[in-house]
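User: Hi! I'm new to protein structures and would like to learn how to read one. Could you take me through some features step by step?

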Amino acid sequence: MILLASSLTDVGQVLSHVLSFQNFGELVVLVRNSLIAGALLGIVGGLIGPFVITRNLPFAVHGISELSFAGASIALLIGVNVVTGSLIGSVLAALIIGMLGNRARERNSIIAVLMPFGLGLGILALALYQGRSANKFGLLTGQIVSVDNPQLGWLLAISLVVIVTLLVVWRPLTFASIDPDVAAAAGIPVRTLSIVFMLALGLSVAVSVQIVGALLVLSLLVTPAAAALRLTVNPVVVPLLSMLFAVVSVVGGILLALGGGLPISPYVTTISFAIWLVCRLVGGRREKRGSRTRGRLLPPTGSTRQVSAVSSAPTKTEVAP
Amino acid sequence: MTSRESEAVHPTPVVLRMRGAGMRFGDRQLWSGLDLEVRAGEFVAILGPNGAGKTTLLKAILGQQELSEGSIEFLDQPVRRGHRKIGYIPQQRLMDAGTPLRTRDMISLGALGHRFGLRRASRAERRRIDDLVDEVGASAFATAPVASLSGGEQQRARVGQALAAQPALLLCDEPLISLDLKHQRGVTELIDQQRRSLGAAVVFVTHDVNPILDVVDRVLYIAGGRFTIGTPDEVLQAPVLSELYGTPVDVVRTLGRIVIVGSTQAAEAHGDGQHHTHPEHDPEGPVR
């Protein structure tokens, strides 16, 4: 009985630690910079996410973020700007993946080769680093330490570059992402667009690493877009929803993390996952209803057989002797 | 074959011109000495067995594969990597679930996909895309996700997308493959109507001439490193193809279809299906 009571108190303590709103107003002022950076990051992640999915690059995002982590750790070790370090790491990784990996299979093996190398390099740099240990852990799992002013300037500038670039190449990039062969035939510079996109992706990852940490970048660059795609395929609504979900996840995560003094990433990833879960449930129901109203459900097996018999019948004309 | 008759009176411009074009990979000569002029409004089929170099020829026209000899000009310019005035219709390949496009969006990419920036389509452009959605018979599924389309619906959308660019040349790479008869006919009719109304040249790669027999003007038949060009009636003859293949080949016209049979082996699996043919599905019958 006493045991149960004490364990209940423990749970209560943990909960009050995880969700604490003491001095909330004062704390919000302190993290104002983080909130601005977070909202901007949400916009970047939400905007680039649908392309990451249509171009089949979620694994690349993870690979780039590990190289970004390596860059940031080395920067921390040698005492230069951490944002610069993570930028160099992620842009290099993005370019390598973009140049060498044209086909998905080839690309995935390149990423799988780069990723552990980057992670190992990062761990080495952190092991040699003598400074505050919170800085180390923060690079992998995100940091609550408020973003300082020069860092905020960096994040703002990089985010703006990504947002403007994506808006400029939006239509050709959409065409090239969905149907590279047809787009290339129409004279769209598919290859150049692919490199521009990888650069933008590298920049986005570098910014995300600052907030949620290298291990959790996917929760901002992929999860919100995946959630939006469960609800709609409208090419205007998808990025808008995806941005909304990402902003809610980051800003919500920062606010919830305030009281407990814990890293923000678990909050961000949980909100982002919860949104995806709801969208998946709602989207599943909508899809079922949609296919009924369209009246074009896949034919039952019987009629499929019939169709294939007709199509296989009188087609082939010739046989090489 | 009205386009050929009118051609004699009012020569239409040459859209695609190949001079002495040849393609070889190492020792293997796919074809060489290829001279071909395709005029606006003309429908040319490229036929031949697998591996004859049909797709390579398409890639050469798209500037994705360099010729080993000769030249290709599109609209009097040497070909480069793709062109705004080329509409490309690939083989049917179902779109991934979750592709963030509806049918109308996919068609509009053909008209707007090359445009940088976020400027909205003008009212005239939007109306033209709407008309195109109607013309290719996609109105019923215009707002459906492209991933939910059937093979035939998707190919209609692709034809619409290719036409949206108001192309001078429609390049079709086996666009009818894996479609059933009804959709093969539908998509063929669509391409035929549109090349007439738009005056676009059509270069149509296929391993099966039957679905397009009624609309094709000329045939380029490639086999065994050689080729022959002419009307379907001129080319699809036993002596002509025997000469081309270098072994006896028979051309059988049966149940309104043409079957080409090699002497050394029986017809391939697909050819065996002749007894399934329903002539009522094909009222126009063969060309002759």
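User: Let's begin with helix α13 (residues 223–231) of chain A. How many of its nine residues are buried?

Analyst: A residue counts as buried if 20 or more other C-beta atoms lie within 10 Å of its own. In this predicted model, eight of the nine residues of α13(A) are buried, so the rest of the structure largely encloses this helix. The buried residues are A:Thr223, A:Pro224, A:Ala225, A:Ala226, A:Ala227, A:Ala228, A:Leu229 and A:Arg230.

User: What share of the 321 residues of chain A counts as buried?

Analyst: The share is 49%. As for secondary structure, chain A has 16 helices and zero strands.

User: Which residues touch the most other members of the largest nonpolar core?

Analyst: Start with the general idea: in soluble globular proteins, nonpolar side chains tend to be buried together. Here the largest nonpolar core has 178 residues, and A:Val61, B:Leu169 and B:Val203 touch the most other members. Helix α11 (residues 190–212) of chain A gives the most to this core, with twelve residues. From chain B, the core draws at least three residues from each of domain 1 (3–94 + 151–231) and domain 2 (237–288).

User: Which residues is A:Val61 in contact with, leaving aside its neighbours within four places in sequence?

Analyst: With those neighbours set aside, A:Val61 contacts A:Val52, A:Leu201, A:Val205, A:Val217, A:Leu218, A:Leu221 and A:Val222.

User: Now to sheets. What is the strand order in the open sheet of six strands in chain B?

Analyst: Reading across the sheet, the order is β6-β7-β8-β3-β9-β10, and the pairing is mixed. At the edges stand β6 (86–89) and β10 (226–230) of chain B; each has a single partner strand, so one side of each has no neighbour in the sheet. From one strand to the next, the twist averages 15 degrees.

User: In which sense do β6(B) and strand β7 (residues 169–173) of chain B pair, parallel or antiparallel?

Analyst: They pair in the parallel sense, over four bridges. To find your place in this pair, look for B:Ile86, which stands opposite B:Leu169 in β7(B). You have met B:Leu169 already, as one of the residues that touch the most other members of the largest nonpolar core. Across β6 and β7 of chain B lies helix α5 (residues 151–164) of chain B, running at about 170 degrees to β6(B).

User: How does α5(B) pack with helix α6 (residues 181–198) of chain B?

Analyst: Two packed helices are described by the angle between their axes and the distance between the axes. For α5(B) and α6(B), the angle is about 10 degrees and the axes are 9 Å apart. Angles under 35 degrees count as roughly parallel, and these two helices are therefore roughly parallel to each other. Among the residues that meet are B:Gln155, B:Val159 and B:Leu163 in α5(B), and B:Val187, B:Leu190 and B:Ile191 in α6(B).

User: Which strands form the edges of the open sheet of four strands in chain B?

Analyst: The order in that sheet is β2-β1-β4-β5, with antiparallel pairing. Its edge strands are β2 (28–39) and β5 (77–78) of chain B, each of which pairs on one side only. Strand β4 (residues 69–74) of chain B is joined to β5(B) by two bridges, and B:Phe74 has B:Gln77 in β5(B) as its bridge partner. Helix α2 (residues 54–61) of chain B lies across β1 (14–25), β2 and β4 of chain B, at about 125 degrees to β1(B).

User: What is the phi of B:Asp76, and is this residue buried or exposed?

Analyst: B:Asp76 has a positive phi of about 65 degrees although it is not a glycine. This residue is found in the loop between β4 and β5 of chain B. B:Asp76 counts as exposed, with 9 C-beta neighbours inside 10 Å. B:Glu174 is also not a glycine and has a positive phi, of about 50 degrees. B:Glu174 lies in the loop between β7 and α6 of chain B and is partly exposed, with 18 other C-beta atoms within 10 Å.

How values were computed. Residues numbered from 1 in each chain as written. Chains lettered and ligands numbered in written order. Predicted model: local features only at pLDDT ≥ 70, side-chain atom pairs only at ≥ 80, totals over all residues. Core = buried A, V, L, I, M, F, W, Y, C linked by C-beta atoms within 7 Å. Buried ≥ 20, exposed ≤ 12 C-beta atoms within 10 Å, placed from the backbone. Domains from an automatic or database assignment. Contact = placed C-beta atoms within 7 Å. Pairing = 2+ DSSP bridges. Axes fitted to C-alpha atoms, helices over the stretch in contact; angles between N-to-C directions. Parallel < 35°, antiparallel > 145°, perpendicular 65-115°, else oblique.
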